[in-house]
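Here is a short briefing on one protein model. Keep the sequence and the 3D view open as you read.

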Amino acid sequence: MARSYDRLVTGNGLSDGDVYGRIGEDGFARLVAAFYAQVPGDDVLGPMYPKDDLPGAELRLREFLVGRFGGPPRYEESRGHPRLRMRHHPFRLDQRARDRWVALMDRALDQAALPADAELVLREFFHQTATFLMNTPR
Ligand code: HEM
């Protein structure tokens, strides 16, 4: 599958592969924890995620991001090729779900207080990928 988001280089000069070196395991862990802390109480996203396996979901997103942004490829080793569109097929990703996911992640980025150049790369990636994953009009 073509992954148009593979080689995103943003205006601030930090490329995707440098983000892991910049924020490390800890940066991704804090970011993803801040995201998932909001999920259970969210009226749109809460019902979509597995209530009995939120720590598992948190781990999957964290490992994916680590590998995607220059860290060890643990996600692909355990889960195979990400195939994100296929893996999101069971969920109704309409504009509302997309916008809510992005809003929670934007807040998580604010809370994680990462270095500004890494934060910008991640924010743009999340906005674009969330749009790319939409599978339901309206
Ligand atoms: C557009 C709004 C989105 C919604 C509503 C959504 C929802 C979900 C849900 C309900 C799951 C299943 C949780 C689990 O058990 O792992 C999931 C999995 C996942 N999502 Fe999303 N997602 C969205 C966007 C994104 C984006 C933008 C990314 C990439 C940064 C992403 C990456 C992942 C990954 C890596 C998994 C785990 C896939 C697996 O290995 O099974 N999602 N998502």
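Does Pro137 count as buried or exposed, going by its C-beta neighbours inside 10 Å? Pro137 counts as exposed, because it has 6 C-beta neighbours inside 10 Å, and a residue is exposed with 12 or fewer. Bear in mind that this is a predicted model.

**Around the ligand**

- The ligand is surrounded by 21 residues. The closest are Ala57, Arg60, Phe64, Trp101 and Ala130.
- Sorted by class, the shell holds 15 nonpolar, two polar and four charged residues.

**Helix 5 against helix 6**

- Two packed helices are described by the angle between their axes and the distance between the axes.
- For helix 5 and helix 6, the angle is about 170 degrees and the axes are 9 Å apart.
- Helix 5 is therefore roughly antiparallel to helix 6, because angles over 145 degrees count that way.
- Helix 5 brings Arg98, Trp101, Val102, Met105, Asp106 and Leu109 to the contact.
- Helix 6 brings Glu119, Leu122, Arg123, Phe126, His127, Ala130 and Thr131.
- Seven residues of this contact are nonpolar, two are polar and four are charged.
- Trp101 of helix 5 and Ala130 of helix 6 take part in this contact, and both are among the residues closest to the ligand.

**Helix 1 against helix 6**

- Helix 1 and helix 6 pack at about 90 degrees, and their axes are 9 Å apart.
- The two helices are therefore roughly perpendicular to each other, because angles of 65 to 115 degrees count as such.
- Val19, Arg22 and Ile23 of helix 1 meet Ala118, Val121 and Leu122 of helix 6.
- By class, this contact has five nonpolar residues, no polar ones and one charged residue.
- Leu122 of helix 6 meets helix 1 here, and Leu122 is also part of the contact with helix 5.

**Helix 2**

- Helix 2 has 15 residues. From its first C-alpha to its last it reaches 21 Å, close to the 21 Å expected at 1.5 Å a residue.
- Which residues are buried in helix 2? They are Arg62, Glu63, Leu65, Val66 and Arg68.
- The cover over these buried residues includes helix 1 (19-36) and helix 3 (74-79).

- Arg83 is found in the loop between helix 3 and helix 4. Its phi is near 40 degrees, a positive value in a residue other than glycine.
- Why does Arg83 count as exposed? Arg83 has 12 C-beta neighbours inside 10 Å, and 12 or fewer makes a residue exposed.
- Ala113 lies in the loop between helix 5 and helix 6. Phi of Ala113 is near 50 degrees, a positive value in a residue other than glycine.
- Ala113 is exposed, because 12 other C-beta atoms lie within 10 Å.
- Pro137 lies in the segment after helix 6. Pro137 and Met105 are 32 residues apart along the chain, and their C-alpha atoms are separated by 22 Å.

Definitions and conventions: Residues numbered from 1 in each chain as written. Predicted model: local features only at pLDDT ≥ 70, side-chain atom pairs only at ≥ 80, totals over all residues. Near = placed C-beta within 6 Å. Nonpolar A, V, L, I, M, F, W, Y, C, P; charged D, E, K, R; others polar. Axes fitted to C-alpha atoms, helices over the stretch in contact; angles between N-to-C directions. Helix = DSSP H or I, 4+ residues; strand = E, 2+ residues; numbered from the N terminus. Parallel < 35°, antiparallel > 145°, perpendicular 65-115°, else oblique. Contact = placed C-beta atoms within 7 Å. Expected span 1.5 Å × (residues − 1). Buried ≥ 20, exposed ≤ 12 C-beta atoms within 10 Å, placed from the backbone.
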